[in-house]
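Let's take a walk through a protein together. Have a look at the sequence and the model, and then we'll go through them piece by piece.

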Amino acid sequence: MDSKIIPLQNIDEFKASILVEERVAILIFTAEWCQPSLNLVTQMKKELDQQRKRLSQQTGAINIFVVDHEKEGCYQIVKQFAPTTLPYVYLFEKGKYIAQFGGLDVFAMNKLIKKALESSRAL
């Protein structure tokens, strides 16, 4: 099963998904006008799915939750995390924050994906 990209519309969806997620989840702050953000979401999903396949599916699917930084309903999520740049990425395991990075940093993205896959194997 491949990872899914799931847009979050408000704080209630955030609480009902990431905070109660019984596995590893990735949260990415984006904006509709920010092409690097949109590219990162696509690139991260592709890389995550490829690396999972190389591991012979020994890990569970890791969903990517996306928050549009400028959507009115997402204000409380943005306020809670206060990302300093776009894109900004957080990694959660069982609803708890474990890593983050900002910007379009391929090295940091691959490091976060590796950590996500390691965490997913342990569950």
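Is Q51 buried or exposed? Q51 counts as buried, because its relative accessibility is 16%; buried means under 20% relative accessible area, exposed means over 50%, and partly exposed is in between (1.4 Å probe, protein chains only). You'll find Q51 in helix 2. Leaving out residues up to four places away in sequence, Q51 touches N110, I113 and L117, where contact means heavy atoms within 4.5 Å.

A few ground rules before going on. This is a predicted model, in which local features need pLDDT of at least 70 and side-chain atom pairs count only at pLDDT 80 or more, while totals for chains, interfaces and linings use all residues. Residues are numbered from 1 along each chain as its sequence is written, and side-chain values use heavy atoms, with hydrogens and water left out.

Now for the overall layout. The protein has four helices and five strands, and along the sequence they come in the pattern β-α-β-α-β-α-β-β-α. Both kinds of element are DSSP runs numbered from the N terminus: helices are H or I with at least four residues, strands are E with at least two. Picture the C-alpha atoms filling a box of roughly 40 × 30 × 20 Å along the principal axes. Of the contacts with a separation of 6 or more, 71% are between residues 24 or more positions apart.

Let's go inside. Buried residues make up 46% of the 123 residues. The largest nonpolar core has 20 residues, and I26, M44, V89, F101 and L112 touch the most other members. (A nonpolar core is a set of buried Ala, Val, Leu, Ile, Met, Phe, Trp, Tyr and Cys residues joined through side-chain atoms within 4.5 Å.) Strand 2 (24–30), helix 2 (35–54), strand 3 (63–68), strand 4 (88–93), strand 5 (96–102) and helix 4 (106–122) each bring at least two residues to this core. Helix 4 gives the most, with six residues. Another core, of 16 residues, lies apart from the largest one, and its members include L27, F65, I77 and Y90.

Next, the loops. Which residues lie in the loop between helix 3 and strand 4? Among them are A82, T85 and P87. A82 has a positive phi, near 45°, in a residue other than glycine, and A82 counts as partly exposed because its relative accessibility is 48%. T85 is partly exposed too, with a relative accessible area of 33%. Setting aside neighbours within four places in sequence, T85 is in contact with G102 and G103. A cis peptide bond joins L86 and P87, with omega about -10°.

Finally, K94 lies in the loop between strand 4 and strand 5. Phi of K94 is near 50°, a positive value in a residue other than glycine. With a relative accessible area of 46%, K94 is partly exposed.
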